[in-house]
Amino acid sequence: MFAKILAKVQQWDRAWVGLSPIKNLFSSFKQVLPLVIIDVYWRLITRLFLDPGALFATIFHYKIHFFSNPQISQGVGNVLDYLVVAFTIALWTKKYLTEKLSDKRDPILPVIVNFGLFLVQTFFTVSNQGQLTIHLGLCLLVAYLINLTYLALTKITKNRLQDMGFAYLSWAAIVSVIVVTITSFMPNIVTQGTYTTFFSSNFFAHYYSLALVAVLAPIMLVLGISIPLDLSTSATDLAQVNTNLNAVYQSVMATLPQPQNPYSVLTASAMIGGVGATLGLAFILIFAKGKKTRRLGFWSLLPTLFDSNRILAYGVPLYFRPLTLVPMILSSFFGSLSASVAIKLDFIRPTVFSAPNGTPHLLLGFMASQTPWRSLILAIFVLIGSILIYWPFVKDMVKREAEHD
């Protein structure tokens, strides 16, 4: 039964990847991968060494005065994030329209329009705290609709107008005004990076709601929707965690009022290696036979150890990929189920303390729980489980990549 389902998923994946827009999008992901690596490693270095609250800065009590204002490193990281998505959209637009247009038509105008409009949209995606929130899926959808209107105009005018003539420049102006206007009315819930009040509700103090989030988070990532920071940060301010902390301060081994919460179940277990528990996938890739796949695994391993899976998201890719969505959901669900059962059976105490910024989720339970060694055993158990879950789904993809090397 499982073999049939797996074969069907792989068949769907091959058909999906063969579609022209998806094939061009994945090719664009590969081209921007070097910039993604620079972006990811810059953010990793700032989280570990440069920012005032960085992991090693906290442990060794040092401070780099140039980066005493975290907005400096945050600003550099934001610019790199902007450029990654902007170049992805520009490359994808060029590839897609080049296939659809005649050889005489130059798609430079829609490439510039999509590139510029994305940069305009970014002004509406930075919250008051300076945290960047980019919804890649939404940006690509807007770009795709713009491409369709360009193709429609070309078809209506029977491909007779100049590339930079009055008609096309008017089209660019109208499209830009419409997109900017719609973006300016975008609800705050779409552009903000944190949902502390939402996740602090009593609804998220039960396993069934946390299991639902564990399933939905990988789907959101695959669709290019930004994941709330509350599910990944090691310095949480959720109401359930504060309630548990108050109980611990009153009595060290007190019965915690809300042991099941996003921090103790999702952040500490379901998010090991990032959304979808992708650390297991990174370990698989470093042992692949193909040189390119193995290189991708080595580049992604260190960031994924610290829960950043963007290199995998662009390199595998994870975005818009049915083949990897299934094991991401299963691994995330497995991690949340394991943590919830371990808490229920009193094998571990929930994570209740805040850890330094940059603490890997693999060690979060060890550093922020009252049962450190048992929490570490659970984290390793979840990691091994995610490797076993990912392997049947990606081994065919890894083999095909090795054949193309």
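A: Tyrosine 314 is buried, at a relative accessible area of 1%. Buried means under 20% relative accessible area, exposed over 50%, and partly exposed in between, with a 1.4 Å probe and protein chains only. Tyrosine 319 is buried too, at 11% relative accessibility. This is a predicted model: local features need pLDDT of at least 70, side-chain atom pairs count only at pLDDT 80 or more, and totals for chains, interfaces and linings use all residues. Residues are numbered from 1 along each chain as its sequence is written, and side-chain values use heavy atoms, with hydrogens and water left out.

Both tyrosines belong to one aromatic cluster, formed by Phe26, Phe29, Tyr314, Tyr319 and Phe320. The structure holds 15 aromatic pairs. Rings of Phe, Tyr and Trp (its six-membered ring) pair if their centres lie within 6.5 Å; planes under 30 degrees apart count as stacked, over 60 as edge-to-face and the rest as tilted.

Take tryptophan 92 and tyrosine 144. Their ring centres are 6.1 Å apart and their planes meet at 25°, so this pair is stacked. The pair links distant parts of the chain, 52 residues apart: tryptophan 92 sits in helix H4 (residues 70-100) and tyrosine 144 in helix H6 (residues 136-156). Helices are DSSP runs (H or I, at least four residues), numbered from the N terminus. Tryptophan 92 is buried, at 5% relative accessibility. Tyrosine 144 is partly exposed, at 28%.

Now back to tyrosine 314 and tyrosine 319. Their ring centres lie 5.3 Å apart with planes at 85°, so that pair is edge-to-face.

How values were computed:
Helices (H or I, at least four residues) and strands (E, at least two) are DSSP runs, numbered from the N terminus.
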